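Have the structure open beside the text.

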Amino acid sequence: MEQKLRQLREESLKAIGEVSALDALEALRVKYLGKKGELTAVLKQMGKLSAEERPVMGQLANQIREELTQAIENGRRTLSEKALEIELLKLHSAIRGAYEELAPHRICAYIYDVANAFNHFYHETKILMESDDERKKSYIALLLLTKGVLELCIGLLGFSAPERM
């Protein structure tokens, strides 16, 4: 059982590290940690172990579950941050497309996409609780950049945004 757990740990951490989309990350969470997940299946075999082995394997399984949970949380934060950054990079093409096509609704659609990416990032990331000061500063810089982009787009449309919602 120890071999199965260690192999599961290596396989799952590798898969989580290689994932590039939030929906794929969620699929991996279900695959490994879900009710019918692979780790759960291994844990169901704990009853077959001797009384001496159970606490050791239980501790190892809990450690692996914690590592996987942490890796998935880190992956969510990273992927949501990248998604927001990618949306912000689309500013130029959104403005250019709106101008060339005389289609201000393209800016509205862009605002909507940025707001959705920001909302996801904000809910996945504990900005003020971040222990790494440099990372916290980068999060705050990303928030300020997002605010600036949204204000610019709203200004281009000819109205102003409220200070607070």
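1. Before anything else: this is a predicted model. Everything below is computed from its atoms, so please read the points as remarks on a prediction.

2. Let's start with the aromatics. How many aromatic pairs are there? The count is two. In one of them, F118 and Y122 have ring centres 5.8 Å apart and planes at 25°. That angle is under the 30 degrees used as the limit for stacking, so F118 and Y122 make a stacked pair.

3. Where does the stacked pair sit? F118 and Y122 are both in helix α6, residues 105-124. They are four residues apart there, which puts about one helical turn between them. As for cover, F118 has a relative accessible area of 25% and is partly exposed. Y122 is at 46% and also counts as partly exposed.

4. The other pair is F121 with Y139, where the ring centres are 5.6 Å apart. Stacked or edge-to-face? The planes stand at 70°, and angles over 60 degrees go down as edge-to-face, so that is the label for F121 and Y139. F121 belongs to helix α6 and Y139 to helix α7 (residues 133-157), so this contact ties together parts that are 18 residues apart in sequence. Both F121 and Y139 are buried.

5. Staying with helix α7, have a look at I140, which lies in that helix. Together with L128 and L144, I140 forms a nonpolar patch on the surface. The accessible area of these three residues together is about 320 Å². I140 itself is at 35% relative accessibility, so it counts as partly exposed.

6. E130 deserves a comment of its own. It is located in the loop between α6 and α7. Is E130 buried or exposed? It is buried, yet it has no salt bridge. The nearest side chain of opposite charge belongs to R135, 4.7 Å away. A salt bridge has to fall within 4 Å, so R135 does not qualify as a partner at that distance. What the side chain of E130 does reach is the backbone nitrogen of D132, at 3.3 Å.

7. On to the salt bridges, of which the whole structure has twelve. One of them joins E26 to R29, with the closest N and O atoms 2.7 Å apart. Both residues lie in helix α2 (residues 22-33), three residues apart, or about one turn of the helix. E26 is partly exposed at 30% relative accessibility, and R29 is partly exposed at 28%.

8. K90 and E87 form another salt bridge, here with 3.1 Å between the closest N and O atoms. The two ends fall into separate classes of cover: K90, at 36% relative accessibility, counts as partly exposed, whereas E87, at 14%, counts as buried.

9. The side chains of R106 and E101 also meet in a salt bridge, at 2.6 Å from N to O. R106 has a relative accessible area of 30% and is partly exposed. E101 is partly exposed too, with 48%.

10. Next, helix α4, which covers residues 53-89 and contains A61. How buried is A61? Its relative accessible area is 1%, so A61 is buried.

11. Last point, on K44. This residue lies in the loop between α3 (38-43) and α4. At 65% relative accessibility, K44 counts as exposed. K44 and G58 are 14 residues apart in sequence, with 11 Å between their C-alpha atoms.

Technical notes. Residues numbered from 1 in each chain as written. Predicted model: local features only at pLDDT ≥ 70, side-chain atom pairs only at ≥ 80, totals over all residues. Heavy atoms only, no water. Phe/Tyr/Trp six-rings, centres within 6.5 Å; stacked < 30°, edge-to-face > 60°. Helix = DSSP H or I, 4+ residues; strand = E, 2+ residues; numbered from the N terminus. Buried < 20%, exposed > 50% of the residue type's maximum accessible area, 1.4 Å probe, protein only. Patch = residues over 30% accessible without salt bridge, like charges linked within 9 Å, V, L, I, M, F, W, Y side chains within 5 Å. Areas by Shrake-Rupley, 256 points an atom, 1.4 Å probe, with all protein chains shown as cover. Lys, Arg positive; Asp, Glu negative; His and termini not counted. Polar contact = N/O pair within 3.5 Å; in protein donor to acceptor, adjacent residues only side chain to side chain.
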